[in-house]
Amino acid sequence: MTDTKKKIVLSGMRPTGPLHLGNYVGALRNWIRLQDLYRCYYCIVGWHALSSEYANSQAIKNNCFEVAVDWLSAGLDPARCVMFMQSEVKEHAELHLLLSMVTPLPWLERVPTFKEQQQELADKDLNTYGFLGYPVLQAADIVLYRADCVPVGEDQAAHVELTREIVRRFNRFFGPLFPEPQTLLTEVPRLSGTDGRKMSKSYGNAIYLKDGPDVIRGKILPMVTDTRRMRRNDSGEPDDCPVFTLHKAFVPKDKQDEVARGCRTAGIGCRDCKGVVIEYLIQTLQPIWEKRARFERNPELIWNILEEGNAAARLSAGATMADVRAALGF
Ligand code: SF4
């Protein structure tokens, strides 16, 4: 066992439905790699989903199941990581409450994603205490397992920094209870959705891990491309093309270079180019679909895996909270 093996990593995903390719290349693919390097806690954060989906809470449990199936099918292995449901480990709520006592309001109001998400999800009333406190719950998720590192893309690094600030303040009042978590900076490739905007479930432009070959062809073939290629003879610029973001994530480098040359010289048409990415995407997803079919036939197994993960998480969380309660004098 190496030194890094002893370090603890925590990360979570909101259960808002099946995972798309953006979730896969932006997080899950990296998590699969990390489970051999660290002691990893991967958490399905149902209470975070509730902060924006409170009017539709009944869907969250089933979405947790969907996420777990995607995780397992893609390669997370319960023998090599702890995968669990936040809402089944009540210590997350208790620590959230305690951290909230020392977190100054302006720290939360200045979080850029607070305003951004309120605008992005304008159809929902996110002017709530729960939504404002989202980063405090996130801090509780992380420090409850005394995580050393949190794998995030650059755009999420501010959240980990806020956790570090909260930890420093909490430790100042009650003693050195928590380590300050470090960011494990991950390169998160920007993946475009079918309409050219960032791939997102809320934009309705996503390609899902569970989409079969026909659905994938049906989504990629009509995708918008570099607008300079109006006709077959026009040359294009792959770096300005939403389709090429998929190449960068799924096509081997030498093939990518060949396609890019073909685009810039009008040597290949967009339909051929899309055919290449469809082929590699199907190759990548085929083993995931096969595993998914096996898991879907056995839902009991998924719930058992989650329950075992919940129990392991409770053990660790319970030990942390015993120290916290003692430090606070409760
Ligand atoms: S050839 Fe490929 S990269 Fe170039 S514009 Fe068409 S789809 Fe995009």
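At what angle do helix 4 and helix 15 pack, and how far apart are their axes?

Analyst: Happy to. Keep in mind that this is a predicted model. Helix 4 covers residues 58-74 and helix 15 covers residues 299-328; they pack at an angle of about 90°, and their axes are 10 Å apart. An angle from 65 to 115 degrees counts as roughly perpendicular, so that is how helix 4 and helix 15 lie relative to each other.

Now for the residues that make this contact. Helix 4 brings K61, F65, A68, V69 and L72, and these meet P299, I302, W303, I305 and L306 of helix 15. Sorted by class, the contact between helix 4 and helix 15 holds nine nonpolar residues and one charged residue, with no polar ones.

The axes of helix 5 (residues 91-102) and helix 10 (residues 157-174) come within 9 Å and cross at roughly 85°. Helix 5 and helix 10 are therefore roughly perpendicular to each other. From helix 5, L98, L99 and V102 meet I166, R169, F170, F173 and F174 of helix 10. The contact of helix 5 with helix 10 has seven nonpolar residues, one charged residue and no polar ones.

Finally, a word on the ligand. The space it takes is the largest cavity. Around the ligand are T225, D226, R229, P238, C241, V243, C263, C270 and C273. By class, this shell has six nonpolar, one polar and two charged residues.

Notes:
Residues are numbered from 1 along each chain as its sequence is written. This is a predicted model: local features need pLDDT of at least 70, side-chain atom pairs count only at pLDDT 80 or more; totals for chains, interfaces and linings use all residues. Side-chain values use heavy atoms; hydrogens and water are left out. A residue is near a molecule or strand if one of its heavy atoms lies within 4 Å of it. On a 1 Å grid over the protein atoms alone, a cavity is a set of points where a 1.4 Å probe fits but cannot get out, and a pocket is an open set with protein on both sides within 12 Å along at least five of seven lines; lining residues have an atom within 4 Å of a point. A molecule sits in a cavity or pocket if more than half of its atoms lie within 2 Å of its grid points. Ala, Val, Leu, Ile, Met, Phe, Trp, Tyr, Cys and Pro count as nonpolar, Asp, Glu, Lys and Arg as charged, and the others, Gly among them, as polar. Axes are lines fitted to C-alpha atoms, for helices over the stretch in contact, and angles run from 0 to 180 degrees between N-to-C directions. Helices (H or I, at least four residues) and strands (E, at least two) are DSSP runs, numbered from the N terminus. Angles under 35 degrees count as roughly parallel, over 145 as roughly antiparallel, 65 to 115 as roughly perpendicular and the rest as oblique. Contact means heavy atoms within 4.5 Å.
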